[in-house]
Amino acid sequence: MTAQYQVHADVAVITLNNPPVNGLGLETRRGVAAGLQQANADPQVKAVVLTGAGRAFSGGADIREFDSPKALTEPILLSLIAALENSDKPVVAAVHSVAMGGGLELALGAHYRIAAPGCSIALPEVKLGLIPGAGGTQRLPRVLGVETALNMIVTGEAAKSEVLARLPGQQLFDRLAASRESLMDEAMELARSVADMRPLPRIRDLPCGHPQGEAFFQFARNTAKAMAPHFPAPPRCIDAVEAATRGPFDEGLRRERETFLNLMLTPESRALRHVFAAERAASRIPDVPDDTPLRPVASVGIVGAGTMGSGIAMAFLNADLPVTLLETRPEALERGVAGIRKAYEGQVKKGRLTGEQQARRLDLLKPTLQLADLRGCDLLIEAVFEDMDVKRQVFEQLDATAKPGAILASNTSTLDLNRIASFTSRPQDVVGLHFFSPAHVMKLLEVVRGEQTAKDVLATVMKLARTLRKTAVVAGVCDGFIGNRMLEPYFRQANLLLDEGATPQQIDRAIEAFGFAMGPFRVSDMAGNDIAWAVRKRHRTERPQQPASVVADRLCELGRFGQKTGAGWYDYAAGSRDAVPSPLVAQLIEDHRREQGLERRRIEDAEIVQRLVFALVNEGARLLHEGIAARASDIDVVYLTGYGFPLHRGGPMKYADTVGLFNVVQAMQRFARNPRAEPAFWQPAPLLLRLLAEGRTFN
Ligand code: NAI
């Protein structure tokens, strides 16, 4: 039973009961429709209260139904809302906890609404590349005013019931209940008080308008386009609200529905829905059951207060967890702590943090030079130099110091976690926690699963990631894990494209026009070209057959490490991050071409984008085949949350699906014919060929 029906004297109560958030799937809609019919047919019943069981009034449409015929099977949400609105007996919606999307639209179909305080109210459809499709764009402006409603619809952000209830002139809520506990009693009382009211108030009959009319909507459209240039939904939200001000109501409703159905078919909405599902899937590890007992993590120790150690410390302090920060030298410790203090001061100045919060966070930080101070910590994270000997020393010390059962984590970005674990007598307690820089800002956390990492350790760190508001993705052990391993062929293509005739600025511009936050050369300058240089040097001994990135190496030999040295692939004026094309770099590229006897050719932007993105796809397919990544969607999540891959494309693997695997393989074969190509590079990964042969996709 996904909706329950009960009669309390003269009031019928229909309760949505479809855990976890009372999604409005077909069965639930049928249940509500049946309850309403029963109430209208029962002479004892004078009024109806509609509410939700458990943790929500309703979180809205059941997105598992989106691409199934069920979504279009009657009663669809629109029909259900019409039935509520046309009910002969008054319907009171008693909302609490969460009333979002279709859930809010359902409540807007009732004649009266009462809310518990603290209820999150939103029309978040835009976050899935859609507009509300069941009257939200027509009814919300009528009860909250055009500006407030438009803002909520275009951003998809939630507002609290008590805040909305205080807005002057609002007609969204007839009453705010004193508490969640008293909500139902107050709703019944409201229902009885309006039992004889006729005609019944309907939101559709309220006026809707904006004093500046067209000019206001045009301004809103321009702003939306500037803020989300790759997404069609925000301007369509504005069109729909504008239609609400033009009337008639049913015409607005018809246009809203038509727009909703059209947006469902756009690649942008498909991508966003994919990401929504992908992020949820990533949090589950196939062989680690949901009820795996967790280890307690009430205190954290961090080894190394450099760039990463300090950022990781802030990530935990921000989540109200005490951190002991260990360094070897007082200057390094002082520098790390000063960096943390400065970052918090900056946040206070910008009004993002109160002085009190800052004090609390700094209070939770215990800087130390004594290894013994880490003894009581539940979780220890190593963030020292990327050098196996240093890691060995640190893990031997941690093994000797940490209490039994403590989780020992490494933030290594490339080194073999199994070897690191072998330096301890407790490899089952060792896991990789690969944070991204800046660690207190970046959402991605790669959780590296060693051969012996215990399941409860994995379950604990996945839960911890949620506490830190990070998106965690599990990766197996290999050089670079998921993200950095795929980045290597991506950069190799970027460097080859230079040899063939492109410039760093052309490559960056092309991939940025595709939607990446930053092109490879600007990224490299920001991260520091020396980091990839060190990796290349290591690879040179491990993979001697791999061609060198000569220009990149020469750049580093000249000390052009990027923004931090004021020069890299681009020039930077003192203190500026504006990348200015460098004549010296152009000369270096030209010299290299001449030495190699390479003819410069004109390269189309489309080739640049395909070579870079399909290089990611091919390596992604290999990672999947090797089991380093469990799902193609995990790879997409890594690239979207950690590497600036354009959200509206849904990640590299989803993008390959959208382009069609046949087209991807064809392009690879074309690139392989390039005389400069390494023959093995464009050999399509076996998994890619298999999926193609079976007519399947990655996702
Ligand atoms: P860093 O050089 O800024 O900091 C390392 C710190 O560790 C230094 O302050 C050093 O004094 C300290 N240290 C060295 N040995 C120590 C010991 N035995 N005990 C206590 N402290 C010790 O390096 P960074 O960039 O913070 O990198 C740290 C780790 O994080 C490396 O494994 C790196 O690969 C990884 N990583 C780096 C990222 C980045 O963007 N910088 C991103 C993700 C991971």
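I started with helix α20 and found Pro 520, Phe 521, Arg 522, Val 523, Ser 524 and Asp 525 buried. Buried, for me, is 20 or more other C-beta atoms within 10 Å of a residue's own, with C-beta atoms placed from the backbone; exposed is 12 or fewer, and partly exposed is in between. My helices (H or I, at least four residues) and strands (E, at least two) are DSSP runs, numbered from the N terminus.

A note on the source: this is a predicted model, so I required pLDDT of at least 70 for local features and 80 or more for side-chain atom pairs, while totals for chains, interfaces and linings use all residues. Residues are numbered from 1 along each chain as its sequence is written.

α20 spans residues 520-527, and six of its eight residues are buried. I then looked up what covers them: the list includes α18 (483-500), α19 (504-514), α21 (529-542) and β18 (570-571). Gly 528 follows α20 with a positive phi, near 105°.

Next came strand β14, residues 407-410. Ile 407 and Ala 409 lie on one side, Leu 408 and Ser 410 on the other, and all are buried.

I checked its pairing (at least two DSSP bridges between two strands). β14 runs parallel to β13 (residues 379-382) over four bridges, and Glu 382 stands opposite Ser 410. Helix α15 (residues 388-401) carries the chain from β13 to β14 in a right-handed crossover; right-handed is a clockwise path from the first strand over the helix to the second, with the strands pointing away from the viewer.

β14 also pairs with β15 (residues 430-435), parallel, over three bridges. There, Ala 409 has Val 431 as its bridge partner.

Notes. Two residues are in contact if their C-beta atoms, placed from the backbone, lie within 7 Å.
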